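Have the sequence and the 3D view open as you read.

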Amino acid sequence: MIKGINISHVWVFDQEEALDFYVGKLGLEVSADVDFGPMRWLTVRPKGQPEREILLELVAPPSVDPDAAEKIRELVAKGASGFTVGFTTDDARGLCEELRAKGVTIREEPEERPYGIDFAIRDPFGNHIRVVEQKPFVMPDDWQGTVAG
Amino acid sequence: MSPELSPTVERNRRLLKARDEMDRLYREELDVKGLAALAEMSEAHFIRSFKEVFGETPHRYLQRRRVERAMYLLREQESSVTDVCFDVGFNSLGTFSRTFKEIVGVSPAAYRSGKRPAPVPSCFISSWTRPSSFGEAQRRDSPYSDPTAAGAESPEATEATR
């Protein structure tokens, strides 16, 4: 049985720029920063949830070939990397203003949703990130499917 | 260590800035001039490049964004079709209804009487139910075609899978 998620990744084009955004602006902390020579293993984590890390993975050879690297960058830059990371907060509107003041691109303003208030931002590379202030979710009778928890 | 970004990557990123602005301010009057300036391009070049990269014109993208939000409001709220029309940034009911039908395949009122999507995060719904520019509205099996048409999934049909 799989017990949990310890790490996931985000494609970045420059790890220093990524640090400036994920640590300097979003307020995450560096979890590991190890220089193996050919690559730098760089992970960040939310201060309130240290067991879950995000690898700031450089799009570059040799992990992907040069042609693929260029294509990945082109796709991420046009916003085609999909829903990358979802963060939680206790105050979506307050955090949104704080991030806006730091120059973060707000993609969608905070809005009420069935599961809470959420807003969307972009990282400097084009990745789509969301932040939600969760509230207990009640599934309406006429909705289909199941939601755990 | 980090490679220089290619002109294509740079261009895509600037175009995405303009597209994000449409996503954020879809309710407001947005002019091509301001969006082109965000993308650091002339208006003509902006429209051409946008279409090349995203497969549709900026105008169409904005219409789909507004229609997507209208679909959400029609599903989730009781406000009238007219209120929804103005709330999502259209300034004429005629244009709204025509555009909605063109993109979704049914009128706003008919859409409202249809079924709801599943309770996954709204952002996901918005990406995946955003009406496409690429012909879905014409297909009989489109999720937005007449829900009473043959082949439409009934709530009972999926009840067993719960």
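Two strands pair if DSSP finds at least two bridges between them. The model discussed here is predicted.

Q: Which are the edge strands of the open sheet of chain A?
A: This sheet has 4 strands and mixed pairing. Their order is β5-β8-β7-β6. From one strand to the next, the twist averages 20°.

Q: What angle does the direction of helix α3 of chain A make with that of β7(A)?
A: Helix α3 spans residues 92-101 and packs on the sheet. There it touches β6, β7 and β8 of chain A. With the direction of β7(A), its own makes about 15°.

Q: At what angle to β6(A) does helix α1 of chain B run?
A: This helix covers residues 7-24. It lies across two strands of chain A, β6 and β7. Relative to β6(A), α1 of chain B runs at about 25°.

Q: At what angle do the axes of α1(B) and α4(B) cross?
A: Two packed helices are described by an angle and a distance between their axes. The axes of α1(B) and α4(B) come within 9 Å. The crossing is right-handed. Its angle is roughly 30°.

Q: How many residues are charged in the contact of α1(B) with α4(B)?
A: From α1(B) come B:Arg19, B:Met22 and B:Asp23. From α4(B) come B:Pro58, B:Tyr61, B:Leu62 and B:Arg65. They divide into 4 nonpolar, no polar and, as asked, 3 charged.

Q: Which element gives the largest share of the largest nonpolar core?
A: This core holds 44 residues. A:Val12, A:Tyr22, A:Leu56 and B:Ala70 touch the most other members. The largest share is 6 residues, and it comes from helix α4 (residues 58-76) of chain B.

Q: Which residues does A:Val12 touch, not counting those up to four places away in sequence?
A: A:Val12 is among the core members that touch the most others. Beyond four places in sequence, its partners are A:Ala18, A:Leu56, A:Glu57, A:Leu58 and A:Phe125.

Q: What pattern does chain A follow along the sequence?
A: Chain A has 3 helices and 8 strands. Read along the sequence, they give β-α-β-β-β-α-β-α-β-β-β.

Terms used. Residues are numbered from 1 along each chain as its sequence is written. Chains are lettered from A and ligands numbered from 1 in the order in which they are written. This is a predicted model: local features need pLDDT of at least 70, side-chain atom pairs count only at pLDDT 80 or more; totals for chains, interfaces and linings use all residues. A nonpolar core is a set of buried Ala, Val, Leu, Ile, Met, Phe, Trp, Tyr and Cys residues joined through C-beta atoms within 7 Å. A residue is buried if 20 or more other C-beta atoms lie within 10 Å of its own, exposed if 12 or fewer, and partly exposed in between; C-beta atoms are placed from the backbone. Two residues are in contact if their C-beta atoms, placed from the backbone, lie within 7 Å. Axes are lines fitted to C-alpha atoms, for helices over the stretch in contact, and angles run from 0 to 180 degrees between N-to-C directions. A crossing is left-handed if the near helix is turned anticlockwise from the far one by less than a right angle, and right-handed if clockwise. Ala, Val, Leu, Ile, Met, Phe, Trp, Tyr, Cys and Pro count as nonpolar, Asp, Glu, Lys and Arg as charged, and the others, Gly among them, as polar.
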